[in-house]
Amino acid sequence: MQNFNYQTPTRLIFGKDVVESLPEVMSGFGKKILLTYGGGSIKKIGLYDKVKGLLKDFEIYELADIQPNPKYDPSVLDGVRICKENNVDVILSVGGGSVLDCSKAIAAGAKYDGDPWDLISYKVKAQAALPIVDIITLAATGSEYDPGGVISRTETNDKIGYMDSLLYPVVSFLDPTYTFTVSKKQTAAGCADAMNHIMEQYFCEDSTLLNDGFMEAGLKSLMVNAKKCLENPEDYTARAEMMLDCTYGCNGIYSLGNSPSGWPCHGMEHALSAYYDITHGEGLAIITPRWMKHILSEKTVDRFVKYGVNVFGIDANQDKFAIAEQAIDATYKFFESINIPMHLKEVGIDESRIDEMAKHVADNEGLENAWATLMQKDIADIFRASL
Ligand code: NZQ
Ligand code: ZN
């Protein structure tokens, strides 16, 4: 087991109607709030009016229209400007992972005198950030319990995972009822994203029985509960379990003491969604089984055997490569069964920019140091196999 140094400062407030305590929570951070949200889902579900009503005694500034795969320009830049011009005390993010990720970059940019891209691109280390409170409305990223935000810069095809311990939300409100309206497409993509967060931690050199047990349970719970959410979007228990599965998924708690894996599928997917603006979870679901097939070898096979036997119940009394192949096939079939398009062509990606994207990943993601080394040619092969 490896050494680690772990702290999550985020307070989770979970359950139906917990948002009622929003005024009390917000009053701990000041009067001036930047309310951030996306393209309108929070208005449709009545959450916008609810929040505005609860916070009637606060001074509220708003940043709307934050897009999926949130953009540096205009969203981060606009948010930073509003915070600076009005001396905002705290950011309240209401929406999915994209709104929250954008809010994190704004929180750091608001306390920095230079170009916020200096921070996101790791040229400069942030010294401070505004506090962030969130009401998460989509179970997927785990951004509500992690210190990262993923920001896209369209003109350079960059999609950067910006991480800093200053960016943990101070408080996250998790009310599963706000996820009842999440579409089937986004529910399935959220499940694939959270499953991949677990797999990125599971497939590594050095893990523990404890961590493997947590992660295998997390994967099984996601598969069972996502299906229930798709069958009955208002199944409170299934939405609640899925929500927590996702919250834990990206926090690192599942892999304390494990050796690093390099998060290869995220490294590759971020290029796909940077170049083509696709849904992150769908990109991951498409790549994951192809990545698994590509890296299956004498060195990696035992992890696939454990995964196949413990997550999918595959008969352990077979040749280890046969078990691994069945595990990879089961992974593919599960994603297919929740109606995720399983080919890049189905999400609008063709052959034309594969080599360019593979180079971008190889130059920027450090996957030569992943658990199973990926060089530019490996990355291009995985993309081509995903077409
Ligand atoms: O924009 P609105 O109108 O709010 O609609 C959103 C959006 O169209 C909608 N939605 C959200 N909550 C809803 C809802 N629709 C109906 N009812 C609700 N309750 O869903 C659509 C997708 O929202 P988005 O926030 O983009 O989805 P998600 O939460 O999956 O976030 C994806 C982003 O997070 C990044 C991804 O790369 C992507 O940019 N990630 C962030 C991570 C992190 N911070 O730790 C880790 C992940 O690996 C991931 O990379
Ligand atoms: Zn992800």
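The protein chain is divided into domain 1, residues 11-179, and domain 2, residues 184-386. The model is predicted.

**View 1. Domain 1 and domain 2 with the area buried between them.** The C-alpha centres of domain 1 and domain 2 are 27 Å apart. In contact across the boundary are 27 residues of domain 1 and 28 residues of domain 2. About 2200 Å² is buried between the two domains, and carbon and sulfur atoms give 59% of this area. On the side of domain 1, the residues that lose the most area to domain 2 are Tyr-145, Asn-157 and Lys-159, together 27% of what that side buries.

**View 2. Polar contacts and the salt bridge between domain 1 and domain 2.** The rule finds 10 residue pairs in polar contact across this interface, with both residues of a pair at pLDDT 80 or more. Strands β1 (11-14) and β7 (158-163) each supply at least two residues of the side of domain 1 that touches domain 2. Sorted by class, that side of domain 1 has 12 nonpolar, eight polar and seven charged residues. The count of salt bridges between the domains is one.

**View 3. The side chains of Lys-71 and Asp-277.** These two side chains meet in a salt bridge, with an N to O distance of 3.5 Å. Side chains of opposite charge can pair when their charged atoms come close.

**View 4. Residues around ligand 1.** There are 30 residues around ligand 1, and those that come nearest are Ser-41, Gly-97, Ser-98, Asp-146 and Lys-159. Lys-159 is also one of the domain 1 residues that lose the most area to domain 2.

**View 5. The salt bridge of Glu-20 and Lys-50.** By the rule applied, the model has a count of 19 salt bridges. In the one formed by Lys-50 and Glu-20, the closest N and O atoms are 2.5 Å apart. Glu-20 lies in the loop between β1 and α1 (22-27) and Lys-50 in helix α3 (residues 47-54), so the pair ties together parts that are 30 residues apart in sequence.

Note on methods: Residues numbered from 1 in each chain as written. Chains lettered and ligands numbered in written order. Predicted model: local features only at pLDDT ≥ 70, side-chain atom pairs only at ≥ 80, totals over all residues. Heavy atoms only, no water. Domains from an automatic or database assignment. Contact = heavy atoms within 4.5 Å. Buried area = accessible area lost by both parts, 1.4 Å probe. Salt bridge = Lys/Arg side-chain N within 4 Å of Asp/Glu carboxyl O. Polar contact = N/O pair within 3.5 Å; in protein donor to acceptor, adjacent residues only side chain to side chain. Helix = DSSP H or I, 4+ residues; strand = E, 2+ residues; numbered from the N terminus. Nonpolar A, V, L, I, M, F, W, Y, C, P; charged D, E, K, R; others polar. Near = heavy atom within 4 Å.
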